[in-house]
Amino acid sequence: MTRYVLRSSPASPFGRKVKIAATLLGLWDRLDVQAADTTDPADTVRAQNPLGKIPVLLLPDGSAIYDSRVIVDWLDALAEREGLGSRLIPPPSDPARWTVLTRLALADGIADAALLLVYEGRLRPEGMRSQPWMDNQQSKIDRALAAIEAAPPAFGPVPDAGCIALACALGYLDLRHGGRWRAAHPGLVAWLARFAATVPAFEETRPA
Ligand SMILES: N[C@@H](CCC(=O)N[C@@H](CS)C(=O)NCC(=O)O)C(=O)O
């Protein structure tokens, strides 16, 4: 069976999304996860993805697939070709595809903003930080969470890619932003608990 290398790191919400997707698709055993350090200029990840971002999926022919949405789509297609059953992104013929992809984009946007806030704190000296810029990033997270709290997405035994991305974004807010989102979003707290109970891979991929 062909194996694939996944460059990632335990804390990455985008890498976690790919790991959970691979597990739900029955493809987890086909991935070899290799740690990547995006802050290390010598790390080969910068050659594999010129953007220097993880996750990256390496194929046996030497080509690389990124970003996480493309990797999930690629894994979905592989699972389909191999007759594994589930689909995480509905096919183009299904109108639900655009709902799922839009929810995926919204959840990834939460993780993007949360990550930028972490980088601002980590990489920019205190006196150079811009409070309005940070407030703007936080407002993206707040508006997105409010919109999702108003109508949390339904899921069955195999949640779609949008739900997986949302769980990973919330997990990242727990990891790096002290879980402050929880107080104002009881519906999402319950949603995440149900997701974790439905998808064991969520806990299995929880960063230490
Ligand atoms: N849109 C990308 C975002 C990936 C991303 O931002 N990954 C972070 C780690 S969680 C990263 O590699 N950051 C390093 C950098 O931005 O230089 C995806 O979905 O894969």
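## A surface salt bridge

E203 and R206 form a salt bridge, and their closest N and O atoms are 2.7 Å apart. The term salt bridge is used when a side-chain nitrogen of Lys or Arg lies within 4 Å of a carboxyl oxygen of Asp or Glu. E203 is partly exposed, with a relative accessible area of 39%, and R206 is partly exposed at 42%. Here buried means under 20% relative accessible area, exposed means over 50%, and partly exposed is in between, with a 1.4 Å probe and protein chains only.

The model is predicted: local features need pLDDT of at least 70, side-chain atom pairs count only at pLDDT 80 or more, and totals for chains, interfaces and linings use all residues. Residues are numbered from 1 along each chain as its sequence is written, and side-chain values use heavy atoms, with hydrogens and water left out.

## The sheet

Four strands form an open sheet with mixed pairing, in the order β2-β1-β3-β4. The edges are β2 (31–35) and β4 (64–65); each has a single partner strand, so one side of each is left without a neighbour in the sheet. Strands (E, at least two residues) and helices (H or I, at least four residues) are DSSP runs, numbered from the N terminus. Two strands pair if DSSP finds at least two bridges between them.

Strands of a sheet pair through backbone hydrogen bonds, either parallel or antiparallel. Strand β1 (residues 4–8) pairs with strand β3 (residues 56–58) in the antiparallel sense, over three bridges. L6 has L57 in β3 as its bridge partner.

## Helices on the sheet

Helix α1 (residues 13–24) packs on the sheet and touches β1 and β2. The direction of α1 makes about 150 degrees with that of β1. Helix α3 (residues 68–81) also packs on the sheet, touching β1, β3 and β4, and its direction makes about 40 degrees with that of β3. Contact means heavy atoms within 4.5 Å. Axes are lines fitted to C-alpha atoms, for helices over the stretch in contact, and angles run from 0 to 180 degrees between N-to-C directions.

D76 is in helix α3. At 0% relative accessibility, D76 counts as buried. Leaving aside residues up to four places away in sequence, D76 touches L25, S86, R87, L88 and I89.

D32 is partly exposed at 31% relative accessibility, and R3 is partly exposed at 40%.

K17 forms a salt bridge with D108, with the closest N and O atoms 2.7 Å apart. This pair links helix α1, which holds K17, to helix α4, which holds D108, across 91 residues. K17 is buried at 2% relative accessibility, and D108 is buried at 4%. K17, R69 and D108 are linked in a network of salt bridges.

## A nonpolar patch

L116, Y119, L123 and W133 form a nonpolar patch on the surface, with about 380 Å² of accessible area together. Helix α4 (residues 96–123) gives the most to this patch, with three residues. L123 is found in helix α4 and counts as exposed, at 62% relative accessibility.

Patches are made of residues with over 30% relative accessible area and no salt bridge; like charges are joined within 9 Å, and nonpolar side chains (Val, Leu, Ile, Met, Phe, Trp, Tyr) within 5 Å. Accessible areas come from the Shrake-Rupley method with a 1.4 Å probe, and for residues only the protein chains shown count as cover.
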